[in-house]
Amino acid sequence: MAIKIGIIGTGGIANFHARNYKEQGQRVELVACCDLDINKAKKFAETYGFKNVYDNCYDMLKENELDAVSVCTWNSAHAECTIAALNAGCHVFCEKPMAMNKEEAILMKETAEKNNKL
């Protein structure tokens, strides 16, 4: 059974995530991606083969059953997107820096523990 993947943010670093996921072949299913710039997200989806495209992570997380999500947004959005994905039942790969401050990092950690996710 393939691991169902989503990517939040389709900028430069997201390309590394997507290429590595794609290299996993049938072990990974590229389900959905999102970016505030929907045209950028559509191009990214076409390049890597993501099935669904969104302009926000909330709709993406609500409308898809994902096992894991890569958070590849601006640093200032890492905590918000990570917490949303954890609360939606996803494991999260978050780009560095993890958070903008200690309080955000603690909240992210607590949310992961509450949801029994990594």
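I take buried to mean under 20% relative accessible area, exposed to mean over 50%, and partly exposed to lie in between, with a 1.4 Å probe and protein chains only. The model is a predicted one, so I note that local features need pLDDT of at least 70 and side-chain atom pairs count only at pLDDT 80 or more, while totals for chains, interfaces and linings use all residues. Residues are numbered from 1 along each chain as its sequence is written, and side-chain values use heavy atoms, with hydrogens and water left out.

**Tyr58**

I looked up Tyr58 and found this residue in helix H3, where helices (H or I, at least four residues) and strands (E, at least two) are DSSP runs numbered from the N terminus. Tyr58 counts as partly exposed because its relative accessible area is 44%. Leaving aside neighbours within four places in sequence, I find Tyr58 in contact (heavy atoms within 4.5 Å) with Glu80 and Ala84. I also checked Tyr58 against Ala79, 21 residues apart along the chain, and their C-alpha atoms are separated by 14 Å.

**Strand pairing**

I then turned to the strands, which pair if DSSP finds at least two bridges between them. Strand E1 (residues 3-8) runs parallel to E2 over 6 bridges, and in that pairing Ile8 has Cys34 of E2 as its bridge partner. Between these two strands the chain passes through H1, and the β-α-β crossover is right-handed, that is, with the strands pointing away from the viewer, the path from the first strand over the helix to the second runs clockwise. E1 also pairs with E4 in the parallel sense, over 4 bridges, and there Ile7 stands opposite Ser70.

**Nonpolar cores**

I searched for nonpolar cores, meaning sets of buried Ala, Val, Leu, Ile, Met, Phe, Trp, Tyr and Cys residues joined through side-chain atoms within 4.5 Å. The largest has 19 residues, and those with the most contacts inside it are Ile8, Cys57, Met60, Leu61, Leu66 and Val69. Two or more residues each come from strand E2 (28-34), helix H3 (57-63), strand E4 (68-71) and helix H4 (78-87), with H4 giving the most, 4 residues. Another core lies apart from it and has 14 residues, among them Ala14, Val28, Phe44 and Tyr48. Returning to Val69, and not counting residues up to four places away in sequence, I list its contacts as Gly6, Ile8, Leu61, Ala85, Cys90, His91, Val92 and Phe93.

**Aromatic rings**

For rings of Phe, Tyr and Trp (its six-membered ring), I count a pair if the centres lie within 6.5 Å, calling planes under 30 degrees apart stacked, over 60 edge-to-face and the rest tilted. My search of the whole structure gave 3 aromatic pairs. Tyr21 and Phe93 make a tilted one, 6.4 Å centre to centre with 55 degrees between the planes, and it links distant parts of the chain, since Tyr21 is in helix H1 (residues 12-22) and Phe93 in strand E5 (residues 91-94), 72 residues apart. Tyr21 is buried at 12% relative accessible area, whereas Phe93 is partly exposed at 45%.

Phe44 and Tyr48 are also tilted, at 4.9 Å centre to centre and 55 degrees between the planes. About one helical turn separates Phe44 and Tyr48, because they are 4 residues apart in helix H2 (residues 38-48). Phe44 is buried at 4%, and Tyr48 is buried at 8%. Together with Phe50, Phe44 and Tyr48 form one aromatic cluster.
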